[in-house]
Structures are given as structure tokens and as C-alpha cells.
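Subject: Structure handover

Hello,

I am passing this structure on to you, with notes on what was found in it. Please look at the sequence and the model first, then read on.

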Amino acid sequence: PPEEVEDASEPTKRDRSHLESTLKLNEDKPADDFSGVLQRLRKIYHSSIKPLEQSYRYNELRQHEITDGEITSKPMVLFLGPWSVGKSSMINYLLGLDDTPYQLYTGAEPTTSEFTVIMHGPKLKTIEGIVMAADSARSFSPLEKFGQNFLEKLIGIEVPHKLLERVTFVDTPGIIENRKQQERGYPFNDVCQWFIDRADLIFVVFDPTKLDVGLELEMLFRQLKGRESQIRIILNKADSLATQELMRVYGALFWSLAPLINVTEPPRVYVSSFWPQEYHPDTHKDLFLKEEISLLEDLNQVIENRMENKIAFIRQHAIRVRIHALLVDRYLQTYKDKMTFFSDGELVFRDIVEDPDKFFIFKSILAKTNVSKFDLPNREAYKDFFGINPITSFKLLSQQCSYMGGCFLEKIEKAITRELPDLLGSIGLGKKPNVLSCDITGCGETPKNRYRKP
């Protein structure tokens, strides 16, 4: 078709069709309905994992409670990186928000000072952080613990966009070098950590024209430890450099990140320019477009695997809760064995907490249970934990059984070894309808004879 004559001042916009086809935005078929699986997952969590979690106050060890909002939440994509690298522009571009009243502010100065959550809603509207945290159905209620100052820096935007039916974006304030935490007025790193722990995909965005890997970035990568498989590094604005210069920056970026990321499999780096304007002439348009499409495919993959990831996440949580319960049980058993009629309970227990190895607490867990030594929490954490929770406030695992409900430990072990893996298997089949009938997931409670040994 003949080019329309453009007003010279208007930069030309690039074609968006690849966005729509890769992210399947025009497909009318409803997204997979996993409500049956989610219900089953909630049930397993509430009946088999949560009782043990509460009984041994796991939340005090690792500030991580799982709310129903979190079990049912959509995958979350987190945008991190220094200020002015194009994080907000990238979100505007992916959602086609440019030149709409709801585009995120962008510009050369640090513009985003809030954590902005972009989620699906029937019509465009903004939601205050205080309101978001108060709504327990959303997965953001745990953010209240960061205080009022933070909630003022949290904002939600609802947008009626097809992509947001399946995923939620979070835009973060740029990491500003040499800016003190206290100037922000809330625990910036802790808040980042909260989002990092829950993100299904983490885009760390850089601007190749001003690459500066400083202290705050080192802090950030320290926080990303263990989440390497979720990280994607984006060299944005790649068409603003000549090819040779771009290659040099690409090398420099890897060189400066290498000490911060110690994994055999380095994170994938995408080199492109994520905004609606046409690529600069004489740059590698084809390469940039290919990179953009593979990034979109990556995003799609996360959306399609969301249910598997959710079940795996709950199972991982259950494994940690189980280890914690086994450890508290060991501490308690050791304490009971050491106590005599005349001993001073506090002194006896202090001795155990100060040097658990003398009593083989951690070793015995490894010897008697199938726990990997890499999954054991650190000993110091238990000093703090028992500082707040006196040992006498816990019961032994062997006492956490009832005729009707069975034993807590057995239930969580059954969830880890059987129920959650079966649920995962049912999704594999679940690409076909009706497979989630009750004979597979056992969602109908059949009365069992609880008095017979299995």
C-alpha cells in the first residue's frame, strides 16, 4: 500500500501485528479455565499445609504467608533497573497505552517514584495503594506490613486489556545510585524483595548508552540470588547505538554482571528497542524484531505454564514448612531429653540454641528424613526464632494427631509426595476438558475408615 504522507514532526509508529499474534491477543477462545485445579490447590493448602505452618509459626521464620489471593493470582512480571532505561515506556508499548490517558509517565528525569501495578479491570481506573492493600482478595494485602509511607508509594492501574487478563505487570521506581534508603522513607530493598519473591518473570532493563553498574545494582543482584531462572536482561534502546558500540556495551554488561550472577546458565539477554517509534534507520531492525518476538514468546510461555508454576511453588513452600516443623520438633525433643527435675529450663534451652550441632539437631534431620542439606535453613535463624517463640509453646509432632484429622506430618508428606504431584499430572491431561472429574483429583470426600492403619 502507498505510504500515507506523515506530518514531518510525527515520528512514525511501527507495526504491532507481531505483538498481537505472538501474545495471541486476538484469539477468541477463552483462556484455559483452571478454577477446578485452583480449588483443589486451595483445599490441599488449607487442609494439609497450613495447620503445620501455623502450629510451628513458620511465618515468623520466613516472612511468607500464602494468602488465597496469592494462590489464585495471575503470573506477575516485574520490571527492575536504573531510572530512565525505558521500563515504563516498555509497559506502555506492550499494552499499547501510548497516547491514551493511562499511559505511564516517561521521561529523562526519574519519573516513576511509585511501585505501579498494572492489572486487568473492566474500565480504566486508578486505585490507591491503601485500597489495594485493604482488599484481601487481591494478592497485595501482605504489603501493609511495609507501613503507611510505602502504601502512599503504591498505585494500581486497571486497564481493560486482553493481555492483562492473563498477567499482571509491576513497574518499579528506578534504582537511583547513591540515594539513601532513608530518603525514600520506606524499606525500598525489602519491598523489592517482596516483589522479587513473587514474580514469575523479572525483566532487568538497561540503557546501553549509560551503562553504570554501581552499588545499588549489586544490592539488587544480591536480592535476585536463587531467582536466576526468572531473570531476563534487556538492553533497551539498542537502536540508539551503532552496531560496533552495541557489541562493546553487550560485552561490558556481561563483564560487570558476571561476578553478581554465579550460575552456569547465564540469563538470556534481549537486545532491542521496546517502544512504539520506528527503529532508527541503518540499525539492525531484523535482529531487534526477532529479539522482541522471542521476548514475547518467553512471556507467553510463563502465562501458559502458570498453573504448573503455582503448584510447584506451593509444593516448594510445603517442603520448607515440613523441614521447619521437623527441626522445631527436634529442638523440643532434645530439650525434653535434657531436662531433669532440677534443671533450669532456660539455661538448658540456651545451650541447645547456641550450639545445635553439639546435639546433632540438624544432622539427625538429614539422617532420618529425606531432606537435602541444601534445603536446611541456617542455624542463626533459629536463635532469632526461639528468641521470640519460647520452646515450651510448641508441641511435639507426635502429639499433633487426631482421630478425625489424622497427623499433621503425615498430611503434609502426603501433599508433597502424592497430592500435589497428582494435581500437576492432572493438568498435563487437563489440556482436554472434563479430565478434572472427581475420580482423578478425589475432590469428593469419600468417608475413609480412619481407625485402620494404611
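This is a predicted model: local features need pLDDT of at least 70, side-chain atom pairs count only at pLDDT 80 or more; totals for chains, interfaces and linings use all residues.

Residues are numbered from 1 along each chain as its sequence is written, and side-chain values use heavy atoms, with hydrogens and water left out.

Confidence

The pLDDT is the predictor's confidence in each residue, from 0 to 100. Its mean for the protein is 81, and 85% of the residues reach 70 or more. Helices (H or I, at least four residues) and strands (E, at least two) are DSSP runs, numbered from the N terminus. The pLDDT is below 50 over residues 432–454, a stretch with 20 contacts in the model beyond near neighbours in sequence; contact means heavy atoms within 4.5 Å.

Helix packing

Axes are lines fitted to C-alpha atoms, for helices over the stretch in contact, and angles run from 0 to 180 degrees between N-to-C directions. Angles under 35 degrees count as roughly parallel, over 145 as roughly antiparallel, 65 to 115 as roughly perpendicular and the rest as oblique.

Helix α2 (residues 35–55) packs against α13 at about 10°, with the axes 10 Å apart, so α2 and α13 are roughly parallel. On the α2 side the contact involves V37, L38, L41, Y45, I49, L52 and E53. Their partners in α13 are M307, K310, I311, I314, H317, A318, V321, R322 and A325. By type, the residues of this contact are twelve nonpolar, one polar and three charged. Here Ala, Val, Leu, Ile, Met, Phe, Trp, Tyr, Cys and Pro count as nonpolar, Asp, Glu, Lys and Arg as charged, and the others, Gly among them, as polar.

Helices α14 (residues 345–354) and α16 (residues 379–388) pack at about 155°, with their axes 9 Å apart, and are therefore roughly antiparallel. F349, V353 and E354 of α14 make this contact with Y382, K383 and F386 of α16. Four of the contact residues are nonpolar, none polar and two charged.

A covered helix

Buried means under 20% relative accessible area, exposed over 50%, and partly exposed in between (1.4 Å probe, protein chains only). In helix α5 (residues 87–95), nine of nine residues are buried. G96 follows α5 and has a positive phi, near 65°.

Aromatic pairs

Rings of Phe, Tyr and Trp (its six-membered ring) pair if their centres lie within 6.5 Å; planes under 30 degrees apart count as stacked, over 60 as edge-to-face and the rest as tilted. The count comes to 26 aromatic pairs. F150 and Y186 form a tilted pair, 5.4 Å centre to centre with 55° between the planes. The two are 36 residues apart, F150 in helix α7 (residues 148–151) and Y186 in the loop between α8 (181–184) and α9 (188–198). F150 is buried at 0% relative accessibility, and Y186 is buried at 6%.

Y331 and Y382 form a stacked pair, 5.8 Å centre to centre with 25° between the planes. Y331 lies in helix α13 (residues 306–338) and Y382 in α16, 51 residues apart. Y331 is buried at 0%, and Y382 is buried at 0%. Both belong to one aromatic cluster, whose members also include Y56, Y335, F349, F362, F385, F386 and F394.

Regards
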